[in-house]
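Visitor: I'd like a quick tour of this one. Can we start with how the parts meet?

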Amino acid sequence: MSDAIRVAVLGAAGRMGATVVRAVEAAPDLELVAAVDAGDDLAAVTDAGAHVAVDFTVPSVTEGNVHALVDAGVHLVVGTTGWDAGALDRVRDHLADRPGVGVLVAPNFALGAVLAMAFAARAARWFESVEVVELHHPDKVDAPSGTARHTAHAIAAARAAAGLGPVPDATEQSLDGARGADVDGVRVHAVRLRGLVAHEEILLGNAGEQLTIRHDSFDRVSFMPGVLLGVRQVGRRPGLTVGLEHLLDL
Ligand SMILES: NC(=O)c1ccc[n+]([C@@H]2O[C@H](COP(=O)([O-])OP(=O)(O)OC[C@H]3O[C@@H](n4cnc5c(N)ncnc54)[C@H](O)[C@@H]3O)[C@@H](O)[C@H]2O)c1
Ligand SMILES: O=C(O)C1=N[C@H](C(=O)O)CCC1
């Protein structure tokens, strides 16, 4: 019997899923055992004896997939976005009854994006103002991006720990949405433009200076090293891990 990690891909016909299928097939230590898309029976994952399932589906189905496969003892690497605190808490609670099963939920598997988020959180305490701009292809169904939410949460936590007050803003909005979304007190703006893949800018401002941290994914192959790292490690990390940064020693 081979030592390869047996991998199932959910959302296998999608932009990300198809890229993951190719990456798994090209990795000598991994074996693709199931490729599932809408309309297929999720039982294909357990029937194929998958150790790890990778989920790049849609926000409306990913939580259900996770609970069903946790029940079956399958580890999960989840890239689908749209997760909120309540949904993550439900997975955490479920995993408490399934010791040994690991779930990694990461809004962005691009190493540069994870570093950009970490750098932004590190810089946040030194700046009075901060805003996040995420820019994506127009076929994306959720906004703001999972990455922008994760970035804003980390910035807000760093500002709170440093005792910073609210970001200054005297604007009286005359049109709803003109100042973007408020994520933990950090303004987040979502751009959708044909030609883009996945991009983020964190703008930090002080009197007389600006720091801009920007990351660009030009191709979905940029997510693959992070996804494969997750596949290789999730079985050794029981419980819920949120964010690839925890696997990168950041
Ligand atoms: N974490 C990351 O690094 C990262 C990177 C890119 C995209 N994403 C996220 O991944 C998700 C997918 O993005 P995409 O661009 O590949 O979308 P996509 O629309 O191209 O692919 C989604 C696929 O899921 C399939 N699907 C729908 N319901 C399903 C079900 N019940 N079971 C199995 N498959 C089902 C669809 O048919 C489709 O093929 C989005 O939430 C996106 O935000 C995350
Ligand atoms: O293409 C998408 O959709 C992406 N979504 C992620 C998000 O919502 O943060 C990040 C990478 C691309």
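Guide: Contact here means heavy atoms within 4.5 Å. By that rule, 20 residues of domain 1 touch 14 residues of domain 2. This is a predicted model: local features need pLDDT of at least 70, side-chain atom pairs count only at pLDDT 80 or more, and totals for chains, interfaces and linings use all residues. Residues are numbered from 1 along each chain as its sequence is written, chains are lettered from A and ligands numbered from 1 in the order written, and side-chain values use heavy atoms, without hydrogens and water.

Visitor: Where are the domain bounds?

Guide: Domain 1 covers 3–104 + 219–245, and domain 2 covers 109–217. The bounds come from an automatic or database domain assignment.

Visitor: How much area do they bury between them?

Guide: About 1400 Å², with 68% of it on carbon and sulfur atoms. Buried area is the accessible area (1.4 Å probe) that two parts lose on being put together, summed over both.

Visitor: Which three residues of domain 1 supply more than any other three?

Guide: Thr-81, Phe-223 and Leu-244, which supply 31% of the area that domain 1 buries against domain 2.
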